[in-house]
Amino acid sequence: MMKLRKKLFLSTTLALLTFTAAATSFGGVVDKTKLVEVADILAKPQSYLQQQVTVKGTVEAVCQKKGCWMQFAADANQPTFRIKVKDGDMVFPVSAKGKTAYASGKLDPIEMDLESTREYLAHKAEEQGQAFDPASVTEAITLYQLVPVAVEIAD
């Protein structure tokens, strides 16, 4: 009877291990107590500068060359939102695309000039299949990215 219980216990444990998804972590521990929606950050980025925040999002793209950034999905009318590290600090797997990820870090502004703004918005419009007139853009924009100290990709 003991052997049967042990076998049953081992097979149940193996089954649970097989079907339990584990998260992939980079850096330290993600602080989920400071969770902020990407949309909230993009709506009022100045409110989140110079402080530690954690964002949760669906990974829309990953750097194909060095795995140095991930892009979280944002609404069509919002700029992209990247999680960016120095090359080699963390290497995000391309397989993260489509998965949910959490990232804790500080928000970093990237100020663009007018020409870069037009190129960026033209690219976004092309991705969305929308017409774009570069002359309609008269002011430069600022993009924001999170420089993380910890990232967790849920499997």
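## A tour from loop to core

Start at Gln50, in the loop between H2 and S3. Helices (H or I, at least four residues) and strands (E, at least two) are DSSP runs, numbered from the N terminus. The model is predicted, so local features need pLDDT of at least 70 and side-chain atom pairs pLDDT 80 or more, while totals for chains, interfaces and linings use all residues. Residues are numbered from 1 along each chain as its sequence is written, and side-chain values use heavy atoms, with hydrogens and water left out.

**Stop 1: Gln50**

Check the backbone of Gln50: phi is positive, about 65 degrees, and the residue is not a glycine. Most residues other than glycine have a negative phi. Is Gln50 buried or exposed? Gln50 is exposed, at 67% relative accessible area. The classes are buried (under 20% relative accessible area), exposed (over 50%) and partly exposed (in between), with a 1.4 Å probe and protein chains only.

**Stop 2: the whole chain**

Zoom out. There are 3 helices and 7 strands. Along the sequence they run α-β-β-α-β-β-β-β-α-β. Of the 155 residues, 33% count as buried.

**Stop 3: the core**

Next, select Val55, Met70, Phe72, Phe81, Ile83, Phe92 and Val151. These have the most contacts inside the largest nonpolar core, which has 29 residues. Helix H2 (38-43), strand S3 (52-62), S4, S5, strand S6 (100-111) and S7 each give two or more residues to this core. Such a core is a set of buried Ala, Val, Leu, Ile, Met, Phe, Trp, Tyr and Cys residues joined through side-chain atoms within 4.5 Å.

Now centre on Val55. Leaving out residues up to four places away in sequence, Val55 touches Leu35, Val36, Val38, Ile41, Phe72, Phe81, Ile83, Ala101, Tyr102, Ala103 and Leu146.

**Stop 4**

How many disulfides does the structure hold? The count is 0. A disulfide here is a pair of cysteine sulfur atoms within 2.5 Å. Cys63 is in none; its nearest cysteine sulfur, that of Cys68, is 3.8 Å away. Cys68 is likewise in no disulfide. Cys63 counts as buried, at 9% relative accessibility. Cys68 is buried too, at 7%.

**Stop 5: the largest pocket**

Select Gln71, Thr80, Arg82, Tyr120 and Leu143, which lie nearest the centre of the largest pocket. They are among its 13 lining residues. A pocket is an open set of points on a 1 Å grid over the protein atoms alone, where a 1.4 Å probe fits, with protein on both sides within 12 Å along at least five of seven lines; lining residues have an atom within 4 Å of a point.

The pocket holds about 260 Å³. That volume is the space filled by probe spheres set on the points, which are joined across faces, edges and corners.

Strand S4 (69-72), strand S5 (81-84), helix H3 (114-128) and strand S7 (142-153) each supply at least two lining residues. H3 gives the largest share, 4 residues. Colour the lining by class: 5 nonpolar, 4 polar and 4 charged. Ala, Val, Leu, Ile, Met, Phe, Trp, Tyr, Cys and Pro count as nonpolar, Asp, Glu, Lys and Arg as charged, and the others, Gly among them, as polar.

**Stop 6: Phe132**

Finish in the loop between H3 and S7, at Phe132. Phe132 is partly exposed, at 29% relative accessibility. Beyond its neighbours within four places in sequence, Phe132 contacts Arg118, Leu121, Ala122, Ala125 and Val137. Draw the C-alpha to C-alpha line from Phe132 to Arg118: 9.4 Å in space, 14 residues apart in sequence.

Note on methods: Contact = heavy atoms within 4.5 Å.
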